[in-house]
Amino acid sequence: MNEINTEKKRRFRLKDLSLTTKVLFAVLFVTMIIFIVNLVMYTQVNRMVNSMGQVYGSNVSLNELSEKLEKVHESTYSYLEVKTSDSLEEYYKSAEDYQKLLESLNREVTENPVMLLEKNIRNMSETYLTETDAAVSYKRGRNVEKYRKSFERAGQLYDYLNSSIYDLNNYQFHNNSENFRQLQGALRSLGLFSTALIAVMMSVGCLMLYFMVRGVVSPLTNLAVTAKYVGEGDFHMKLPMNDSLDEVGVMTRAFNTMVSSLDEYVSLTRENMEKEQALKEKELLMEAHLKEAQLKYLQSQINPHFLFNSLNAGAQLAMMEDAEQTSIFVEHMADFFRYNVKKGNQDATLEEEVESVENYIYILNVRFAGDIHYSKEIDETVLGIRIPSMILQPLVENAVNHGIRNIDWEGRIRLSVMKSGENILISVRDNGKGMTEEKIRQVMQGTVKTEDNPQGSGDSTGIGLSNVQARLELYYNQKNLLEIRSGGEDAGTEVLIRIPFIEETM
Amino acid sequence: MQRRKTFSIEIVLMVLSLAVFGLFLGAVLIYYDNMFRSIDMKEEKLNRAYAKQYEMIVDNRNSSLWGEVYGLAKEKAALNDAYLNIRRADWSTEYDKTESMDMCIAAKVDGIILEYNGEAGLTEKINEAAEQGIPVITIMNDPNKSSRQSFVGVNDYQMGHAYGTQVARLIDENTEDILILSNRERELDKNQLYSQIYNAAAGKNGTIKVREQNLISKNQFDVEEAVRNIFQSADGPPEIIVCLDEVTTVCAYQAMVDFNMVGEVSIIGYDASDSILDAVEKGLIAVTFTMDAEQIAEYSIEALTEYWEIGRSNTYYTVDLNVIPAPPLKE
């Protein structure tokens with residue numbers, strides 16, 4: 001999982017960018033393109049303007065050349081006329097300036113008429129300067145004839161030069177005008193070009209932003225709709241899955257997780273409430289059964305407290321009269337009833353239950369002159385576990401009343417408590433009348449006819465088998481803990497209780 | 001799923017806009033680069049440097065002969081690493097030949113091809129150029145007394161003979177007057193030419209008058225006026241007019257047509273411009289002469305090249321004179 005995540009992280013995806021970055025990216029993208037378009041346009045325009053500048057630049061420099069030439073000629077004339085040192089200086093200066101300007105002119109012989117004209121102008125200018133120099137030096141030497149002639153010749157060259165410069169100017173202007181026209185056309189088409197491109201880019205940019213914003217807004221709209229359904233309790237509504245790492249993706253996943261959690265939480269709460277409800281019902285039912293048992297007990301007994309106090313008094317009286325048997329009997333009775341009174345609505349240890357059974361058997365044996373042969377087989381290790389009270393005694397009572405009473409053979413009752421795996425098996429077996437399958441079924445279903453066991457006969461503690469079974473099921477929250485086995489008519493009966501061995505109950 | 005779809009639309013748009021942008025950028029850069037290159041190339045193409053600069057000075061650079069000669073000579077010069085320029089008269093002052101020579105000398109060119117016509121002061125300029133070490137090749141006429149380097153042209157005898165033959169062919173019983181229209185300085189009077197024509201005429205008919213009229217002193221457009229005056233003179237035009245240059249030929253032919261004298265006047269022309277050839281074809285001009293342009297071009301450049309290569313060249317190059325239409329084979 002982690003690897004997948006890191007893999008995802010490593011791979012750059014546009015949709016994982018945050019919304020801010022995404023919008024910024026879109027705007028930047030369009031802006032950058034428009035910027036570059038402008039830059040390209042600007043560069044080209046600049047290039048063209050430079051070219052156009054050159055168009056006139058060459059004409060401007062020729063004008064300068066022409067002006068300097070005029071200056072040279074004027075200063076020569078001025079010197080020849082007045083021969084002042086100022087005019088001489090002026091001549092040298094202007095001649096030097098002119099010479100410098102000549103340096104920029106072409107000196108190669110080429111086919112290009114402009115270049116050739118430049119070369120001719122350069123050479124003619126040199127001849128011209130030689131002539132003016134000669135005129136100036138002849139003037140200084142006062143050679144009138146020669147300086148006149150030289151100046152005359154210089155004048156002629158001056159005319160040629162002016163005319164050539166004029167020609168060159170025209171020529172350049174003509175050439176440049178052609179270039180200028182071409183550049184002008186190019187400039188116009190560049191304007192059209194870039195306007196169209198900017199328009200296209202703007203449209204594309206707007207479309208991009210539109211789709212991007214729609215991509216952001218539509219999940220939000222979905223969210224609003226889904227949230228409404230969820231609010232109405234439909235936890236099965238989910239947003240479409242989205243694996244992008246932007247805010248919308250994060251929010252979508254968070255929302256889906258939230259809805260899932262809500263669903264789980266609500267289910268859990270409902271389940272808990274149901275369980276609680278069941279528990280309450282169980283408690284109520286248990287209480288009702290107990291109440292029923294107690295009521296039946298109270299109905300069948302005269303005030304047990306009074307009874308077992310009286311019995312105690314009887315036991316003491318028997319002791320005083322040295323009637324030991326009577327005393328023991330009464331004591332047993334007292335114990336039995338005390339146990340019934342004390343444990344009526346509580347659970348008890350298995351040991352206490354067994355003790356209660358033994359008390360009961362003792363009492364019966366006194367009553368029936370030792371007709372009941374009781375034996376027990378107890379696994380001592382399980383005696384400490386807790387079970388619902390008044391469980392074993394009713395079983396023994398049933399074995400006595402319905403099993404071995406009125407039989408022609410010796411009646412036996414055997415109580416055994418064994419540990420079997422995770423369970424404890426408690427068995428009450430008699431060798432009495434036995435039960436038919438039909439009867440067993442009726443007893444288990446609680447539909448047995450009461451003629452065999454008339455209520456209030458006085459012999460019963462009043463707690464029926466169905467009551468025992470119900471209390472066991474409530475206590476252990478399990479069914480079929482009680483089982484009745486019988487070999488049939490006169491083959492004895494065994495009531496078997498299987499309860500779980502729970503350490504906590506010890 | 002929907003978001004994925006919209007996102008791919010964004011990517012498609014991005015790619016689309018990038019493609020459009022790339023196309024635009026490419027188109028603009030290529031277009032403008034080509035434009036600037038074409039502007040540069042236009043000039044660079046002409047920027048071949050040559051070792052020598054020759055100038056060609058002729059009367060009428062627009063004449064078909066000089067146009068052809070210039071074209072050919074320029075090619076030949078280029079083969080010898082020289083550039084031949086023809087004096088331009090496009091822009092400003094139209095300089096006469098003396099002034100053009102003066103300018104060429106001041107510009108220190110490496111050679112001058114000059115159509116010599118005996119203009120005043122021209123010989124001095126030829127000498128001045130020679131003093132400055134600039135070889136001058138004269139064509140058409142030969143200033144004998146100058147320091148010109150070489151002469152390229154038809155010799156007078158050859159020319160006189162050719163003209164004489166044609167004049168003699170045209171003389172009939174009605175021929176009384178023959179007029180030679182020349183366009184050159186009197187000092188250049190070519191006795192050979194005149195005497196040959198005179199002899200040819202006299203040989204046919206001793207009473208025929210042979211006159212000569214020089215149009216050199218006239219101003220720019222005066223040739224045409226002078227030719228018209230001839231046609232309008234009281235005595236009427238001569239039966240045969242001999243023209244020694246292109247302009248005179250065209251003027252004479254035009255005046256003959258204008259004055260409705262076709263058939264009455266025979267013209268012997270010079271040069272082979274389209275209009276002259278057309279007139280020859282129609283029979284309006286009896287015959288015209290033309291110098292071999294290729295020979296003029298070749299010899300002129302050869303003379304200049306040799307001068308610079310070995311310090312000297314022939315003083316005389318003879319060019320063939322062609323007759324149009326070609327004379328029929330002798331019976």
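In chain B of this predicted model, residues 24 or more positions apart account for 72% of those contacts that have a separation of 6 or more. The secondary structure of chain B comprises 10 helices and 13 strands, and of the 331 residues in the chain, 40% are buried.

Helix 4 of chain B, which spans residues 122-131, may be considered in detail, and its buried residues are Leu122(B), Thr123(B), Lys125(B), Ile126(B) and Ala129(B). These residues lie on the same side of helix 4 of chain B, because the arc that they cover around the axis is only 160°. The elements that cover the buried residues of this helix include helix 3 (97-106) of chain B, together with strand 4 (111-115) and strand 5 (136-139) of the chain. Just after helix 4 of chain B, the backbone at Gly133(B) adopts a positive phi of about 85°.

For chain A, the confidence of the prediction is described by a mean pLDDT of 82, with 91% of the residues reaching 70 or more. Within this chain, the highest confidence is found in strand 6 (residues 423-430), where the mean is 92, whereas the lowest is found in helix 1 (residues 2-10), where the mean is 50. Over residues 450-458 of chain A the pLDDT is below 50, and this stretch has 5 contacts in the model beyond near neighbours in sequence. Where pLDDT is low, the predicted coordinates should not be read in detail.

Note on methods:
Residues numbered from 1 in each chain as written. Chains lettered and ligands numbered in written order. Predicted model: local features only at pLDDT ≥ 70, side-chain atom pairs only at ≥ 80, totals over all residues. pLDDT = per-residue confidence, 0-100. Helix = DSSP H or I, 4+ residues; strand = E, 2+ residues; numbered from the N terminus. Contact = placed C-beta atoms within 7 Å. Buried ≥ 20, exposed ≤ 12 C-beta atoms within 10 Å, placed from the backbone. Arc of directions from axis to C-beta.
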